[in-house]
Every structure is written in structure tokens, then in C-alpha cells.
Amino acid sequence: MTDQPRRRLVLASQSPARLGVLRQAGIEPEVIVSGFDEDAVTAPTPAELALALGEAKAAVVAARPEAQGALVVGCDSVLDLDGEALGKPADAEEATARWKSMRGRTGTLQTGHCVRDTTNGRYASATASTVVRFGEPTDAEIAAYVATGEPLYVAGAFTLDGRSAPFIEGIDGDPGNVIGISLPLLRRLLAELGVGITDLWAPRGE
């Protein structure tokens, strides 16, 4: 195994959080943004929507010439709040309303994951779910958070590793999934394709 060249891994996402999680785990992926129109996909449930979006993004990037020979990882996250799929808020007003509706409540962050092997066309996909217990920030705290602009760029209008962290009371499940990518699930999907996650580790110093 050690004589085999390390497989290229392509992340089909512009999310710096997902890239950061992979890098912290010793993986240095290439990034190719799908540019996929998320509004073009519908699904019966938030979990199915997240999976469909993750699969679509992986498929779009896997079809590109520059991704040939690589393993392509596509992900997409939505917050399931009472069965409604909540993605990135459209503007500050929506982000403010979102936080006022979430505080003191519990939601489930759903992240669809898809890994495509462009050498043989095989793929594996699944959705990871993490329960998020929101705190009760004041109106002033919500206004201050929305003013930072952060919630406009993340699914559910919150992050676990950013400025909204003080407003998250706790989670049940994989924290990486909330940040953007579940490493345990990624390991299982890679294994389905016959790839060990340790084979993707970059040498130290790379």
C-alpha cells in the first residue's frame, strides 16, 4: 500500500470550514467549486434535500476534465427545524428572524455527503445528522451577530466554530458535521469505495 501513489482528493465546495476540517485531519484536498444551482433541487425532507445537493455537487465536479482520476467529495448542509429545510438566509433581516425563531429550541443539522471515484464511476453517499440545542441570545446579541455578516454565509445562519458559538448550548452527534463535513462518515464512504482514509493523509510538512 505504501508504494501506491496517494489518491487525489477534490473537495467540491467553496466552504473554508469544510476545507479546514479536512486539513486538520491531515488531508490536503484540491478545491473545485461546483457552481451548482441549489434552488434547482427539491426533496421531501431536509435530510433527503441535503443528500441530493451533496450528490449533485459531486457529480458536477466529477464530470469536469480537471477532476479526472480523483476522488470527489460533495457536501451540502441544511438545518431541519420542525421539518423545514433552512439553508443560508437571503439577507440580514431573514437571519435576524431566523435566530429569533431558533433561540431556546432544538434543530437537526443535516449534511449530505457524496464521494465519487472518477476512475470507475462508483460513488457512495449518505447523510449525517447532528442535533443542535440553541441558547437564548438577547435581541441585542442577535443584532450584533447578524451585523458581523457571518450568518449570511452558513447553513442555518449559525456556526459551531465561529461567533455564534456562545449561543449554542450543546449538540448531540458529530461536531464536524455541524462545521461542514463528518469525518467518521467520510471514512465509511471511502471504505465502501475501497479507499482507506489514512491513505489520503498528506506527509508531514506537506
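**A pocket, a helix pair and a salt bridge**

Good morning. In this structure, the largest pocket holds about 940 Å³ of space. Please keep in mind that we are looking at a predicted model.

Let me stay with the pocket for a moment. Its lining is made up of 36 residues, and those closest to the centre are E38, K88, Y153, V154 and A155. Which elements give two or more residues to the lining of the largest pocket? They are the helices α1 (16-24), α2 (46-62) and α5 (175-179), together with strand β3 (71-81). By class, the lining divides into 18 nonpolar, 9 polar and 9 charged residues.

I turn now to a pair of helices. Helix α3 spans residues 92-102 and helix α4 spans residues 139-147; their axes come within 10 Å and cross at roughly 140°. The crossing of α3 past α4 is right-handed. On the α3 side, the contact involves A92, A95, T96, W99 and K100, and these meet D139, I142, Y145 and V146 of α4. Sorted by class, this contact has 6 nonpolar residues, 1 polar residue and 2 charged residues.

My last topic is charge pairing. Side chains of opposite charge can pair when their charged atoms come close. How many salt bridges does a search of the whole structure find? The search finds 9. One example is R8 with E30, whose closest N and O atoms are 2.8 Å apart.

Thank you for your attention.

Technical notes. Residues numbered from 1 in each chain as written. Predicted model: local features only at pLDDT ≥ 70, side-chain atom pairs only at ≥ 80, totals over all residues. Heavy atoms only, no water. Axes fitted to C-alpha atoms, helices over the stretch in contact; angles between N-to-C directions. Helix = DSSP H or I, 4+ residues; strand = E, 2+ residues; numbered from the N terminus. Left-handed = near helix turned anticlockwise from the far one by under 90°. Contact = heavy atoms within 4.5 Å. Nonpolar A, V, L, I, M, F, W, Y, C, P; charged D, E, K, R; others polar. 1 Å grid on protein atoms, 1.4 Å probe; cavity = no way out; pocket = protein on both sides within 12 Å on 5 of 7 lines; lining within 4 Å. Points joined across faces, edges and corners; volume = space filled by probe spheres on them. Salt bridge = Lys/Arg side-chain N within 4 Å of Asp/Glu carboxyl O.
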